[in-house]
Amino acid sequence: MQDTFNAVADIIAETCNIDRATIQPTSHTINDLGIDSLDFLDVTFAIDKRFAIKMPIEKWMQDINEGKGSVDDYFILSNLCARIDELRAAKPA
Amino acid sequence: MRLEYFQMVDQVEAVDPVAGTIRARAEVPRESSVFEGHFPGYPILPGVLLVECMAQTAGHLILVLEKFQRMPFLAQIESAKLRRFVEPGTALSISASLVHLGSGYAVTKAEVETETGAVAEAGIRFRSLPFPNPAMRDLMLENARRLGLDAPMRA
């Protein structure tokens, strides 16, 4: 989990030109870090590439819109990293 | 190529959904009102339209990969290089390849060549969204047929 957070935080800092020290597990990607949709596209691509996964962003958005989850469940970094770890664990060996 | 209608591609020559590649051709018209301003007495294809050639070609690849269920909208142009001028009447070969098909986005690379060499290249990224209405999907399907996209898909 800590490794995942460090990797994601590095990606966000580099991609969005955000001071790495301000990126915390409790940071909200939109409300706290101010990442807009185009930068988030870059972040998503970098995470997909880094972990060889495909983050199901559209499914997550659908879940949020249908009330099956909250924005915080997906876009607070500690929660995002937990979901990334789930996707990594679910990958075929 | 019909510049006034933003139809940059004349024909799709090959598309390979498995390899994630597409190749198309386009001929720059000899006459166009675009050249009256770009530039008077020295007509060349605007560089931004070369980028549009690559975006439309790569966009058709994404349409095929998404089985015409989603529409790719241009979101980002990365490291575009416009290497030489393109004059009226020039035949262009445009190719694109998929780098990554993500959830709601796609990353591609594209390039334009003429018989004398490389003209342009860029990384092209798209947002991939459901069609905003059925008419737009119908238009894209009709456009694909006009480009001969059916034939390469069967090959």
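Is B:Tyr105 buried or exposed, and what is its relative accessible area? B:Tyr105 is buried, at a relative accessible area of 2% (buried means under 20%, exposed over 50%, and partly exposed in between, with a 1.4 Å probe and protein chains only). The model is predicted, so local features need pLDDT of at least 70 and side-chain atom pairs count only at pLDDT 80 or more, whereas totals for chains, interfaces and linings use all residues. Residues are numbered from 1 along each chain as its sequence is written, chains are lettered from A and ligands numbered from 1 in the order in which they are written, and side-chain values use heavy atoms, with hydrogens and water left out.

**Aromatic pairs**

- Over all chains, 4 aromatic pairs are found (rings of Phe, Tyr and Trp, the last by its six-membered ring, pair if their centres lie within 6.5 Å; planes under 30 degrees apart count as stacked, over 60 as edge-to-face and the rest as tilted).
- The rings of A:Phe45 and B:Tyr105 have centres 6.3 Å apart and planes at 70°, so this pair is edge-to-face.
- This contact crosses between chains, with A:Phe45 in helix H2 of chain A and B:Tyr105 in strand S5 (residues 105-114) of chain B (helices, H or I with at least four residues, and strands, E with at least two, are DSSP runs numbered from the N terminus).
- A:Phe45 is buried, with a relative accessible area of 6%.
- From A:Phe45 to A:Ala82 the separation is 37 residues in sequence and 18 Å in space, C-alpha to C-alpha.
- A:Ala82 belongs to helix H5 (residues 77-89) of chain A and counts as partly exposed at 30% relative accessibility.

**Salt bridges**

- The count comes to 10 salt bridges over all chains (a side-chain nitrogen of Lys or Arg within 4 Å of a carboxyl oxygen of Asp or Glu).
- A:Glu58 and B:Arg70 form a salt bridge whose closest N and O atoms are 2.4 Å apart.
- Because A:Glu58 lies in helix H3 of chain A and B:Arg70 in strand S3 of chain B, the pair joins two chains.
- A:Glu58 is partly exposed, at 31% relative accessible area, whereas B:Arg70 is buried, at 16%.
- A salt bridge also links A:Asp63 to A:Lys59, with the closest N and O atoms 3.0 Å apart.
- Both A:Asp63 and A:Lys59 lie in helix H3 of chain A, 4 residues apart, about one turn of the helix.
- A:Asp63 is buried, with a relative accessible area of 10%, while A:Lys59 is partly exposed, with 44%.
- In chain B, B:Glu121 forms a salt bridge with B:Arg83, the closest N and O atoms being 3.0 Å apart.
- B:Glu121 lies in strand S6 and B:Arg83 in the loop between S3 and strand S4 (91-101) of chain B, so the pair ties together parts that are 38 residues apart in sequence.
- A network of salt bridges links A:Asp42, B:Glu78 and B:Arg125.

**Pockets**

- The largest pocket has a volume of about 450 Å³ (on a 1 Å grid over the protein atoms alone, a pocket is an open set of points where a 1.4 Å probe fits, with protein on both sides within 12 Å along at least five of seven lines; lining residues have an atom within 4 Å of a point).
- A volume is the space filled by probe spheres set on the grid points, which are joined across faces, edges and corners.
- Its lining has 21 residues, and B:Gln56, B:His60, B:Met71, B:Met140 and B:Asn143 lie nearest the centre of the largest pocket.
- Helix H2 (47-65), strand S3 (70-82) and helix H3 (134-146) of chain B each supply at least two residues of the lining of the largest pocket, and H2(B) gives the most, with 6 residues.
- The lining of the largest pocket divides into 13 nonpolar, 5 polar and 3 charged residues (Ala, Val, Leu, Ile, Met, Phe, Trp, Tyr, Cys and Pro count as nonpolar, Asp, Glu, Lys and Arg as charged, and the others, Gly among them, as polar).
- The second largest pocket has a volume of about 380 Å³.

**Cysteines**

- Over all chains, 0 disulfides are found (pairs of cysteine sulfur atoms within 2.5 Å).
- A:Cys81 is in no disulfide, and the nearest cysteine sulfur, that of A:Cys16, is 14 Å away.
- A:Cys81 counts as buried at 0% relative accessibility, and B:Cys53 is buried with a relative accessible area of 0%.
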